[in-house]
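Hi,

Here is the structure I promised to pass on to you. Please open it alongside this email and follow along as you read.

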Amino acid sequence: MKQVNFYQLVPSETEEHFLNIVFRFQLSKTGVTKMQLPIWRPGRYQAQHFSKNIPQVKAFDSAGEEIKLNKKGTSAWEFQGSKNQCVEVRYSYYAQQADAGGSVSNQEMLYVNFITCLLFIQGQEERACEVKVDIPKAWKIVTSLNESKKGLWSAPTYRELVDTTFMASGKIFQYQWKEGHVHFWAEGISPANIFQGKLLESYRQIAAYQLQWMGHFPVKEYRFLHWIKEEAFYHGVEHRSSTMMVLGPPDRDLYDDLIGLASHELFHVWNIATIRPKELWPYNYAEEVYFPTAWFVEGVTTYLGDWFLVASGVYQRDEYLASLLGNLKLHFERDGASKQSLIESSIDLWLDGYGKAIPDKRVSIYYKGAIVALGMDLLIRKKFEHRKSIREVMLLMNERFGMKQQGYALADVYQIVEEVYEASLTNFWQVWVEGNDPLEEPLNELLDFVGLKLERSDRGLLLNLLHEDLNSDGEKWLQGLIK
């Protein structure tokens with residue numbers, strides 16, 4: 001009989017914001033068993049040590065006798081067990097991290113990122129899981145998990161379980177549509193006036209274009225999840241079959257933020273959930289995992305996420321160029337004098353976190369990474385007169401690594417880009433990725449191809465047209481026609 005690990009989550013009636021959690025499993029071997037809570041979550045390359053939200057863990061055998069647990073490090077517990085022994089673990093979790101990557105429990109809603117609060121047995125990450133969540137009957141539920149029985153949710157493995165979220169509230173909205181064989185949802189907690197025709201049609205256009213651009217979608221269903229908060233907020237997290245976006249307040253125009261975030265997170269279905277660095281295949285939840293290609297994961301997604309807006313027809317040209325300038329300013333005006341390369345900053349993200357590092361140290365893997373992606377795209381387009389672009393790079397990355405479920409190395413990125421370019425790009429990698437020299441001059445050499453120039457003025461950085469309008473190459477770049 002197939003073994004299944006079981007979890008039950010019950011919001012505490014006596015302790016505000018606490019979830020009472022029961023974890024039941026059967027041991028597959030005799031000896032020391034190690035029980036672990038993830039110390040980080042995919043999508044944020046920084047140790048967060050979610051176990052700080054657990055005050056106590058207790059374990060019991062099938063007779064109700066307590067099993068002695070020995071704490072090992074910040075997020076692991078060990079105990080002696082025997083093969084086929086049934087164990088029940090009980091603990092509570094303080095759920096008050098109110099962002100897209102946390103978990104929240106209060107009288108208005110329940111939002112759970114399972115990776116933040118569900119323990120696992122090391123070696124059982126591939127075992128099937130079932131989850132029961134106790135919520136008020138009147139609440140609606142939003143999750144990409146399969147409801148195997150009424151009130152019981154299942155996942156084929158722990159890995160797939162913790163790549164999902166669970167949201168429940170009495171204020172859930174839902175909208176759905178299909179693109180080919182893919183079922184899309186836009187749902188979550190939001191005032192009704194936010195999700196009107198223009199926004200939902202833009203979501204549809206963005207999704208349809210990305211599916212056509214990549215030619216293959218890894219999942220059959222995808223959910224754009226939302227939590228529109230009363231306070232100012234902007235945060236998104238990608239998952240394989242969904243994204244969670246937390247924004248606010250509802251009385252400001254959220255349209256541009258929502259479509260930009262939705263486009264970025266949707267492309268992560270390919271560029272990290274499917275096309276993944278070898279260091280992350282499979283995910284090791286118990287340790288910090290350093291990899292030099294975080295700039296490719298986030299930088300390419302940042303560049304293309306914005307470019308998809310204009311290529312799909314959601315943005316007009318001037319709207320896209322304003323967005324592009326905003327990203328360029330975030331690098332050149334903030335990090336342009338930083339001493340680290342993109343590779344060094346990809347690794348030091350684990351050291352410095354996502355906040356501010358010491359002055360002139362780290363570059364952003366998002367914004368400088370996006371400049372590198374822009375450079376690659378224009379470099380390829382210029383040589384091949386738009387017959388090739390960064391699209392060919394991503395299609396090859398998907399074919400050779402994503403669809404084969406194999407991780408790639410930094411050398412693989414270089415090799416595939418050079419294969420598309422049909423020549424060595426050693427100097428490009430040395431200057432743009434491995435070095436820390438200013439990029440304004442080499443970037444302007446490529447921007448000239450599409451009729452643009454980056455210039456400094458009393459008003460800061462400007463992205464100017466070389467003539468009265470974009471040249472024909474600039475128009476072709478932004479039209480996004482798919483051959």
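Below are some notes on its cysteines, on a pair of helices and on one more helix.

Keep in mind that this is a predicted model.

Let's start with the cysteines. A search of the whole structure turns up zero disulfides. Take C86: the nearest cysteine sulfur belongs to C129 and is 15 Å away, whereas a disulfide needs the two sulfurs within 2.5 Å. C86 is partly exposed, at a relative accessible area of 40%. C117 is in no disulfide either, with the sulfur of C129 being its nearest, 12 Å away. C117 is buried, and its relative accessible area is 0%.

Next, find helix α3 (residues 197-214) and helix α5 (residues 294-311). Their axes come within 10 Å and cross at roughly 110°, so α3 is roughly perpendicular to α5. Where they meet, α3 brings I206, Y209, Q210 and W213, and α5 brings L304, W307, F308, L309 and A311. Sorted by class, this contact has eight nonpolar residues, one polar residue and no charged ones.

Finally, look at helix α12 (residues 440-447). Which of its residues are buried? They are L443, N444, L446 and L447. These residues sit on the same side of α12, because they cover an arc of only 160° around the axis. An α-helix has 3.6 residues a turn, so residues three or four places apart point the same way. On the other side of α12, E441 and E445 are exposed. The elements that cover the buried residues of α12 include α6, α8, α11, β22 and β23.

Enjoy exploring!

Technical notes: Residues numbered from 1 in each chain as written. Predicted model: local features only at pLDDT ≥ 70, side-chain atom pairs only at ≥ 80, totals over all residues. Heavy atoms only, no water. Buried < 20%, exposed > 50% of the residue type's maximum accessible area, 1.4 Å probe, protein only. Axes fitted to C-alpha atoms, helices over the stretch in contact; angles between N-to-C directions. Helix = DSSP H or I, 4+ residues; strand = E, 2+ residues; numbered from the N terminus. Parallel < 35°, antiparallel > 145°, perpendicular 65-115°, else oblique. Contact = heavy atoms within 4.5 Å. Nonpolar A, V, L, I, M, F, W, Y, C, P; charged D, E, K, R; others polar. Arc of directions from axis to C-beta.
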